[in-house]
Protein chains: 2
Amino acid sequence: MKVKVVTRILEANDRIAVENRKRFDQAGVFVVNLMGAPGAGKTSVLERTIRALKDSLKIGVIEGDIVGTDDAERISALGVPVVQINTGGACHLDANMISEVLDDMPLDKLDMLIIENVGNLVCPAEFKVGEDMKMMVLSVAEGHDKPLKYPLMFRESSGLVLNKIDLLPYMNTDMNKVRNDSLALNPKLNIFEVSCTTGEGIDRWTQWLSGLRSA
Amino acid sequence: MKVKVVTRILEANDRIAVENRKRFDQAGVFVVNLMGAPGAGKTSVLERTIRALKDSLKIGVIEGDIVGTDDAERISALGVPVVQINTGGACHLDANMISEVLDDMPLDKLDMLIIENVGNLVCPAEFKVGEDMKMMVLSVAEGHDKPLKYPLMFRESSGLVLNKIDLLPYMNTDMNKVRNDSLALNPKLNIFEVSCTTGEGIDRWTQWLSGLRSA
């Protein structure tokens, strides 16, 4: 019974995601669904990405949080269009939430729309929102056991940003295990090791991302 | 419609939680629901807690993960009874999952049962499992904005373990903001600052926890 309800919710979600995707394609905007656990550094990665790319790409952002506008304010300070969604309790964004705010986003003027999902390593990976690509951010401070414990997001993502590598000298995270377990789950996964504090690795990541847009 | 379904699920859950609680009370076991984001260090806190208390308290553990038995193996190595629940995809434990494994746990021989929930800062706080107390672990590496972004878990918890304080010199986490925002959400919250790497702060936390059992 419970499974049937969940299946029906996912099917309804996928139909709306297809509609969103049509709007994105008509506007010629490349859409990234950015996911990760709370505190992985999704907003910091987004800030670094916008700073690196905003002269060459017109980027818009949809921020998903349970409550509050902190992240939207951080992104708005960079001078790009941003809409904040408050889920009110839901632990992930769904296609309908995105659909409802698309009129507030100048899609025709954008090259890329980045949707920052609610901080959660589980459910966001189950709900399509009409994106071209799912990306995830994992902080190395979360430990090396995350790929095997939360496999779906690693499987669903095209890219994995391993963030906070400036902290590696002070912890016992086994980066080979993170890389190997991630690639075992998803051999096509593109992995980027970055620090939003020092800026290390940001160039390689943003060059890859902007290359996808023009591909 | 969706809200109605969710309400019905929560009501059914609460009924089973009451049944679980009766079994815990009959056995005289104090039950802790341990929650936190992926990588906050819940299992490490649990290991430190068991090492500190196992001579004075008989502790059992239920481990909740989407897949795998890594955490149960870590706990089992400490010589305490442990049962692993795999949710298969669900992002939280519910009362029924706990009910189904209670026959595998020697409740009559335990003083305390610690249930480590799935790594998630959102949904575990919504589902009672029959516990006496909810506890949460937050890694200081997750940043100081978490209380205001994920308020429910802070409101529902009796205690907050701020873990990985050994990393504080290498990051810009504002601990006053974490403490003040947490206490604004929940003035009765007991806050413990610990490092599972160095052992700092573990004594104060475990003394408080064992005092609750005998209270």
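**Ground rules**

I number residues from 1 along each chain as its sequence is written, and chains are lettered from A, ligands numbered from 1, in the order in which they are written. Since the model is predicted, local features need pLDDT of at least 70 and side-chain atom pairs count only at pLDDT 80 or more, while totals for chains, interfaces and linings use all residues; side-chain values use heavy atoms, with hydrogens and water left out.

**Chain A overall**

I started with the fold and found 8 helices and 7 strands in chain A. For the record, helices (H or I, at least four residues) and strands (E, at least two) are DSSP runs, numbered from the N terminus. The radius of gyration of chain A is 17 Å, close to the 17 Å from the globule rule for 215 residues, so chain A is as compact as a globular protein of that length. That radius is taken over C-alpha atoms, and the rule is 2.2 Å times the number of residues to the power 0.38.

I then looked up the span of the C-alpha trace, which is about 50 × 45 × 35 Å along the principal axes. Of the 215 residues in chain A, 57% count as buried, meaning under 20% relative accessible area, with exposed over 50% and partly exposed in between (1.4 Å probe, protein chains only). I also checked contacts (heavy atoms within 4.5 Å). Among those in chain A between residues at least 6 apart in sequence, 73% join residues at least 24 apart.

Next I clicked on T49(A), which sits in helix α2 (residues 42–53) of chain A. T49(A) counts as buried because its relative accessibility is 2%. What does the side chain of T49(A) reach at 2.6 Å? I found the backbone oxygen of V45(A) there. Not counting residues up to four places away in sequence, T49(A) touches I114(A), W205(A), T206(A) and L209(A).

Leaving aside neighbours within four places in sequence, W205(A) contacts V45(A), T49(A), M135(A), V161(A), F192(A) and V194(A). I noted N190(A) too: 15 residues from W205(A) in sequence, and 9.4 Å away in space, C-alpha to C-alpha.

**Where A meets B**

I moved on to the interface, where each side of the contact is listed: 34 residues from chain A and 34 residues from chain B. The two chains bury about 2600 Å² between them, 60% of it on carbon and sulfur atoms. Buried area here is the accessible area (1.4 Å probe) that two parts lose on being put together, summed over both. P38(A), K149(A) and Y170(A) supply 22% of what chain A buries against chain B, more than any other three residues.

How many salt bridges are there between chain A and chain B? I counted 4, each a side-chain nitrogen of Lys or Arg within 4 Å of a carboxyl oxygen of Asp or Glu. One pairs D65(A) with K149(B), the closest N and O atoms being 3.4 Å apart. On the chain A side, α1 (2–27), α3 (70–76) and α5 (146–149) each supply at least two residues that touch chain B.

**Last stop: E47(B)**

I finished in chain B, with E47(B) in helix α2 (residues 42–53). E47(B) is buried, with a relative accessible area of 15%. Beyond four places in sequence, E47(B) is in contact with R74(B), I75(B) and L78(B).

Key. A polar contact is a pair of N or O atoms within 3.5 Å; within protein, one must be able to donate a hydrogen and the other to accept it, and residues adjacent in sequence count only if both atoms are side-chain atoms.
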